[in-house]
Amino acid sequence: MDDFRRNVGMRVKAARKAKGLSQEDLADLIERSVHSISQIERGVNSPSAETLLCLSRVLGVAVDSLLSDDGQSNNLSTVRKERLLELMAHVDLITNEQLETLIKVAKSYRL
């Protein structure tokens, strides 16, 4: 399985979960099949440009955040990568003020 497709799928899944949507909910919202969503999230198929735009709109994340790889993910475990992607999807949905608070909290955890 292609790493790019798998990583895009993990980002879509994390953003979907961050919005509290099931695969069925997401499929209905973007007018695709549950099977299509499942295949995207598992990295079996890449979403078309049109589907990416729909996903971006419904999930409230930028298209490039679904596609981009920060270069660090190759050194992360799959579980950690999924959790970080889920966190990033949540962060995309907060206000700038909330983001500043989150940064302060995160900094307080540094040892």
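Me: Where is Thr51 placed?

Reply: This is a predicted model, and Thr51 sits in helix α4, which spans residues 49–59.

Me: Is Thr51 buried or exposed?

Reply: The cut-off for buried is under 20% relative accessible area. Thr51 has 7% relative accessibility, so Thr51 counts as buried. Not counting residues up to four places away in sequence, Thr51 touches Ile30, Arg32 and Ile40.

Me: Which residues of the largest nonpolar core touch the most other members?

Reply: In general, nonpolar side chains tend to be buried together in soluble globular proteins. Here the largest nonpolar core has 18 residues, and those touching the most other members are Val12, Leu26, Ile30, Leu55, Leu59 and Leu66. Helices α1 (3–18), α2 (23–30), α3 (34–41) and α4 each supply at least two residues of this core, with the largest share, five residues, coming from α4.

Me: What is Leu26 in contact with?

Reply: Setting aside neighbours within four places in sequence, Leu26 contacts Val12, Arg16, Leu21, Ile37, Leu55, Val58 and Leu59.

Me: And which residues line the second largest pocket?

Reply: The general idea is that rolling a probe the size of a water molecule over the atoms shows where empty space is left. The second largest pocket has a volume of about 170 Å³. Its lining is made by Leu87, Val91, Leu99, Leu102, Ile103, Ala106, Lys107 and Arg110.

Me: Which helix gives the most to that lining?

Reply: That is α7, with five residues. Both α6 (78–91) and α7 (96–108) supply at least two. By type, the lining residues are six nonpolar, two charged and no polar.

Notes:
Residues numbered from 1 in each chain as written. Predicted model: local features only at pLDDT ≥ 70, side-chain atom pairs only at ≥ 80, totals over all residues. Heavy atoms only, no water. 1 Å grid on protein atoms, 1.4 Å probe; cavity = no way out; pocket = protein on both sides within 12 Å on 5 of 7 lines; lining within 4 Å. Points joined across faces, edges and corners; volume = space filled by probe spheres on them. Helix = DSSP H or I, 4+ residues; strand = E, 2+ residues; numbered from the N terminus. Nonpolar A, V, L, I, M, F, W, Y, C, P; charged D, E, K, R; others polar. Buried < 20%, exposed > 50% of the residue type's maximum accessible area, 1.4 Å probe, protein only. Contact = heavy atoms within 4.5 Å. Core = buried A, V, L, I, M, F, W, Y, C linked by side-chain atoms within 4.5 Å.
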